[in-house]
Amino acid sequence: MEALVNRQQDLFLALYRIVLGLLFACHGAATLFGVLGGPQGEAPAFAEWPGWWAALIELVAGGMVLLGVAARAAAVICSGTMAYAYFVVHQPQALFPIENGGEKAALFCWGFLLIAVLGPGRWALSTLRAPQASLASPQPDQPTTGLPRPS
């Protein structure tokens with residue numbers, strides 16, 4: 001089983017990124033447009049802080065993570081949005097997420113942080129458009145620092 005997971009790591013990372021981005025984008029669309037069951041709670045008015053802006057971030061940045069376009073930056077924004085939601089909305093009610101209803105905010109926050117750290121993987125639009133060398137495995141003929149190699 002471990003060999004299969006190791007061989008298909010890029011596939012599992014892509015599936016994780018796609019599902020997380022899709023769920024987040026759907027949450028934003030539900031809040032902004034009243035689709036997919038509508039907003040959870042009161043729908044925010046246009047440009048109302050923080051609800052409308054959070055929903056816009058969920059829709060746009062969630063879509064970027066889903067597609068793998070500037071996924072690391074979008075994932076940092078998504079993670080920060082959910083950290084803000086947790087600490088401002090949920091945490092004042094009680095310490096633990098199970099007590100204060102902040103499970104989704106905490107899970108989204110940590111899930112997007114994982115994407116920001118690991119990157120979007122090989123199956124992302126940005127990777128397909130412009131392949132880049134991984135930071136973890138530099139090319140043998142390139143220096144690992146900005147300094148030239150001694151001759």
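In which helix is the place of Val-65? Val-65 has its place in helix α3. The model discussed here is predicted.

Val-65 has a relative accessible area of 0%. The cut-off for a buried residue is under 20% relative accessible area, so Val-65 is buried.

Apart from neighbours within four places in sequence, Val-65 is in contact with Arg-17, Gly-21, Ala-71, Ala-74, Ala-75, Cys-78 and Phe-112. A further pairing can be given by C-alpha distance: Val-65 and Ala-124 are 8.8 Å apart in space and 59 residues apart in sequence.

## Overall fold

The protein has seven helices and zero strands. Along the sequence the pattern reads α-α-α-α-α-α-α. Of its 151 residues, 30% count as buried.

## Annotated transmembrane regions

The unreviewed UniProt entry places the feature "transmembrane region" at residues 12-37, 49-67, 74-93 and 105-125. Two of these spans can be described from the model.

Residues 12-37 are 85% helix and 0% strand, and the C-alpha atoms at the ends of this span are 29 Å apart. Residues 74-93 are 85% helix and 0% strand, with end C-alpha atoms 28 Å apart.

## Packing of α3 and α4

Two packed helices are described by the angle between their axes and the distance between the axes. For helix α3 (residues 51-67) and helix α4 (residues 71-90), the angle is about 150 degrees and the axes are 9 Å apart. Because angles over 145 degrees count as roughly antiparallel, α3 is roughly antiparallel to α4. The crossing in which α3 passes α4 is left-handed.

On the α3 side, the contact is made by Ala-54, Ile-57, Glu-58, Ala-61, Gly-62, Met-64 and Val-65. These residues meet Ala-71, Ala-74, Ala-75, Ile-77, Cys-78, Thr-81 and Met-82 in α4. By class, the contact of α3 with α4 consists of 11 nonpolar, two polar and one charged residues. Val-65, which is buried, belongs to the α3 side of this contact.

## Packing of α2 and α6

α2 and helix α6 (residues 103-118) pack at an angle of about 135 degrees, and their axes are 11 Å apart. That angle makes α2 oblique to α6. The crossing of α2 and α6 is left-handed.

The α2 residues in this contact are Leu-13, Tyr-16, Arg-17, Leu-20, Leu-23, Phe-24 and His-27. In α6 they meet Lys-104, Phe-108, Gly-111, Phe-112, Leu-114, Ile-115 and Leu-118. The contact of α2 with α6 divides into 10 nonpolar, two polar and two charged residues. Arg-17 and Phe-112, which take part in this contact, are also among the residues in contact with Val-65.

## The loop between α2 and α3

Leu-36 counts as exposed, at 61% relative accessibility. Ala-47 lies in the loop between α2 and α3, and its phi is also positive, near 65 degrees. Ala-47 counts as partly exposed, at 32% relative accessibility.

Gln-40 is found in the loop between α2 and α3 and is exposed, with a relative accessible area of 60%. Leaving aside neighbours within four places in sequence, Gln-40 is in contact with His-27 and Lys-104. His-27 and Lys-104 belong to the contact of α2 with α6. The C-alpha atoms of Gln-40 and Ala-30 are separated by 8.2 Å, the two residues being 10 residues apart along the chain. Pro-50 has its place in the loop between α2 (9-33) and α3, and a cis peptide bond with omega of about -10 degrees joins Trp-49 and Pro-50.

Definitions and conventions: Residues numbered from 1 in each chain as written. Predicted model: local features only at pLDDT ≥ 70, side-chain atom pairs only at ≥ 80, totals over all residues. Heavy atoms only, no water. UniProt positions renumbered as here; feature names shortened; annotations may be inferred. Helix = DSSP H or I, 4+ residues; strand = E, 2+ residues; numbered from the N terminus. Axes fitted to C-alpha atoms, helices over the stretch in contact; angles between N-to-C directions. Parallel < 35°, antiparallel > 145°, perpendicular 65-115°, else oblique. Left-handed = near helix turned anticlockwise from the far one by under 90°. Contact = heavy atoms within 4.5 Å. Nonpolar A, V, L, I, M, F, W, Y, C, P; charged D, E, K, R; others polar. Buried < 20%, exposed > 50% of the residue type's maximum accessible area, 1.4 Å probe, protein only.
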